[in-house]
Amino acid sequence: MPKEPIEIDCEEVWRQISNYLDDEVDSELRDILASHFKNCSHCSAVLDGTRNVVKLVGDGRAFELPASAGQNLYKKLNNHLSGGQQKKRRR
Ligand SMILES: [Zn+2]
């Protein structure tokens with residue numbers, strides 16, 4: 001039996017976020033992501049941030065923005081995540 005579908009890595013979630021917002025994920029993955037966003041405050045924050053970026057692009061003006069904005073976001077998240085893990089380990 002496979003694992004609970006909700007147990008998806010945050011990193012995998014971030015990878016799929018733009019597809020999710022573009023409606024390019026299948027319904028199964030969509031459900032998995034949706035429940036992950038409900039349970040993970042980090043990822044729901046990322047979703048909010050990414051949504052803003054996508055909205056900006058939706059205006060049809062800033063087409064070069066999302067790449068760099070997304071990368072910065074991703075870097076921040078990686079720092080955040082590895083920082084959190086280190087904190088845990090120090091105990
Ligand atoms: Zn998460």
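A crossing of two helices is left-handed if the near helix is turned anticlockwise from the far one by less than a right angle. In this predicted model, helix H1 passes helix H2 in such a left-handed crossing. The protein contains four helices and zero strands, and its order along the sequence is α-α-α-α.

**Overall composition**

- Of the 91 residues in the protein, 13% are buried.

**Nonpolar core**

- The largest nonpolar core has nine residues, namely Val-13, Trp-14, Ile-17, Tyr-20, Ile-32, Leu-33, Cys-43, Val-46 and Leu-47.
- At least two residues of this core come from each of helix H1 (10-21), helix H2 (27-39) and helix H3 (41-58).
- The most is given by H1, which contributes four residues.
- Trp-14, a member of this core, is placed in helix H1.
- Trp-14 counts as buried because 20 other C-beta atoms lie within 10 Å, and the cut-off for a buried residue is 20 or more.
- Trp-14 and Leu-33 are separated by 19 residues in sequence, and their C-alpha atoms are 9.7 Å apart in space.

**Helix H1**

- H1 comprises twelve residues and spans 16 Å from its first C-alpha to its last, close to the 16 Å expected at 1.5 Å a residue.
- Its buried residues are Val-13, Trp-14, Ile-17 and Tyr-20.
- Viewed down the axis of H1, these buried residues fall within an arc of 120°, so they line one face of the helix.
- In general, an α-helix has 3.6 residues a turn, so residues three or four places apart point the same way.

**Loop between H1 and H2**

- Asp-23 lies in the loop between H1 and H2.
- Asp-23 is not a glycine, yet its phi is positive, at about 65°.
- For comparison, most residues other than glycine have a negative phi.
- Asp-23 is classed as exposed because 7 other C-beta atoms lie within 10 Å, where the cut-off for an exposed residue is 12 or fewer.

**Helix H2**

- H2 has 13 residues and reaches 19 Å from its first C-alpha to its last, close to the 18 Å expected at 1.5 Å a residue.
- Ile-32, Leu-33 and His-36 are the buried residues of H2.
- Ser-27, Ala-34 and Lys-38 are exposed and sit on the face of H2 turned away from its buried side.
- Two of the buried residues of H2, Ile-32 and Leu-33, also belong to the largest nonpolar core.

**Packing of H1 against H2**

- Two packed helices are described by the angle between their axes and the distance between the axes.
- For H1 and H2, the packing angle is about 115° and the axes are 11 Å apart.
- On the H1 side, the contact is made by Val-13, Gln-16 and Tyr-20.
- On the H2 side, the contact is made by Leu-29, Arg-30, Leu-33 and His-36.
- Val-13 and Tyr-20 take part in this contact and are also buried in H1.
- Leu-33 and His-36 likewise take part in the contact and are buried in H2.

How values were computed. Residues are numbered from 1 along each chain as its sequence is written. This is a predicted model: local features need pLDDT of at least 70, side-chain atom pairs count only at pLDDT 80 or more; totals for chains, interfaces and linings use all residues. A nonpolar core is a set of buried Ala, Val, Leu, Ile, Met, Phe, Trp, Tyr and Cys residues joined through C-beta atoms within 7 Å. The expected span of a helix is 1.5 Å times one less than its number of residues. The arc is that of the directions from the helix axis to the C-beta atoms. Axes are lines fitted to C-alpha atoms, for helices over the stretch in contact, and angles run from 0 to 180 degrees between N-to-C directions. Two residues are in contact if their C-beta atoms, placed from the backbone, lie within 7 Å.
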